[in-house]
Amino acid sequence: MRYPILAAGCLMASMAQAETPVLTIYTYDSFIAEWGPGPAVEVAFEAVCACDLKFVAAGDGAGLLARIKLEGARTEADVVLGLDTNLTAAAADSALFQPVSVEATYDLPIEWEDDLFVPYDWGYFAFVYDNTKLTDVPTDFEALAASDVSIIIQDPRSSTPGLGLLLWVQAAYGDRAGEIWEGLSDNIVTVTPGWSEAYGLFTEGEADMVLSYTTSPAYHLIAEEDPTKSAALFAEGHYLQVEVAGKIASTEEPELADQFLDFMVSEAFQSVIPTTNWMYPAVIPSDGLPEGFETLILPGQALIYAPGEAAEIRDQALETWRAALSR
């Protein structure tokens, strides 16, 4: 009699597992790293959703959109998390996302009026360096280009920080962007596909500076008790990034997707962002920002293009970048 009972038990377990809905979220690699927000977010959301939350790594932010557009309506993704405002116009034009209704009181440097995408964090791009090794720190792109300081950057075709740098130079210098890139070409040690590769090379000592965020030193200070990393303050201002998530129009779990996007702006999600994604949360948690964030540099000017304008400028800025670096 053991075997029929065992078989029935296995059948019931399989049925229960089959009935558990799965919410699939495409995101960037560092979000679901063991030190990123993903593990904590998964545990917290599964505690309230009666579902299985499945994260799928899809490279860096710009790679997310490329993958979604390639897969089209056949994608397994229900939610895409990790685009930014430089990509949202192109994402909207793809017709692969559907409007959402999320209510939140955002703490962002800009007004938020997008009904397709929900912001979850933000930050300023910056070049990070070791303050025990680099003492003559460039204070703008012209000084950086004129120096012998080595830098690692990310590819704007696959990486949101890489695209952010492209638009940062364009916003700061306009028609002189090509000249700036020509000057920077001999500073660049390598161009990586994504942020994780670039930052890893920097921490291994492969360059003096790496393109990252003004908030990156907080990681070293808080997680490693290491005060040796700083972000260079540039006189031209710093380009602002707002990261967002969106709901796929073809999702078979629309209610779960809505629940996740609501959860994303809740205390449970937002409170883990500062010390896992090392960015500013879109909604300030009730206990504020962690100790150490008050030491971060504050840009004198926030540079940003509206989503539609960023989409229009991108191709020409990319061509300027490629032409300058190929000389």
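Here are a few notes on the pocket and the aromatic contacts in this predicted model.

1. Start with the largest pocket, which has a volume of about 540 Å³. It is lined by 27 residues, and if you want to find the middle of it, look for S30, W35, W195, S196 and Y199, the ones closest to its centre.

2. Which elements give two or more residues to that lining? They are α6 (160-173), α8 (195-203) and α9 (216-223). Helix α8 has the largest share, with 6 residues.

3. Now for the rings. There are 28 aromatic pairs in the whole structure. Take F127 and F141: their ring centres are 6.2 Å apart and the planes sit at 80 degrees, so this pair counts as edge-to-face, the cut-off being over 60 degrees.

4. Where do these two partners sit in the chain? F127 belongs to strand β5 (residues 117-130) and F141 to helix α5 (residues 141-146), so to speak two distant parts of the chain linked across 14 residues.

5. Are F127 and F141 buried or exposed? F127 has a relative accessible area of 1% and is buried. F141 is buried too, at 0% relative accessibility.

6. One aromatic cluster is formed by Y28, F31, F45, F55, Y120, F260, F263 and F269.

Conventions. Residues numbered from 1 in each chain as written. Predicted model: local features only at pLDDT ≥ 70, side-chain atom pairs only at ≥ 80, totals over all residues. Heavy atoms only, no water. 1 Å grid on protein atoms, 1.4 Å probe; cavity = no way out; pocket = protein on both sides within 12 Å on 5 of 7 lines; lining within 4 Å. Points joined across faces, edges and corners; volume = space filled by probe spheres on them. Helix = DSSP H or I, 4+ residues; strand = E, 2+ residues; numbered from the N terminus. Phe/Tyr/Trp six-rings, centres within 6.5 Å; stacked < 30°, edge-to-face > 60°. Buried < 20%, exposed > 50% of the residue type's maximum accessible area, 1.4 Å probe, protein only.
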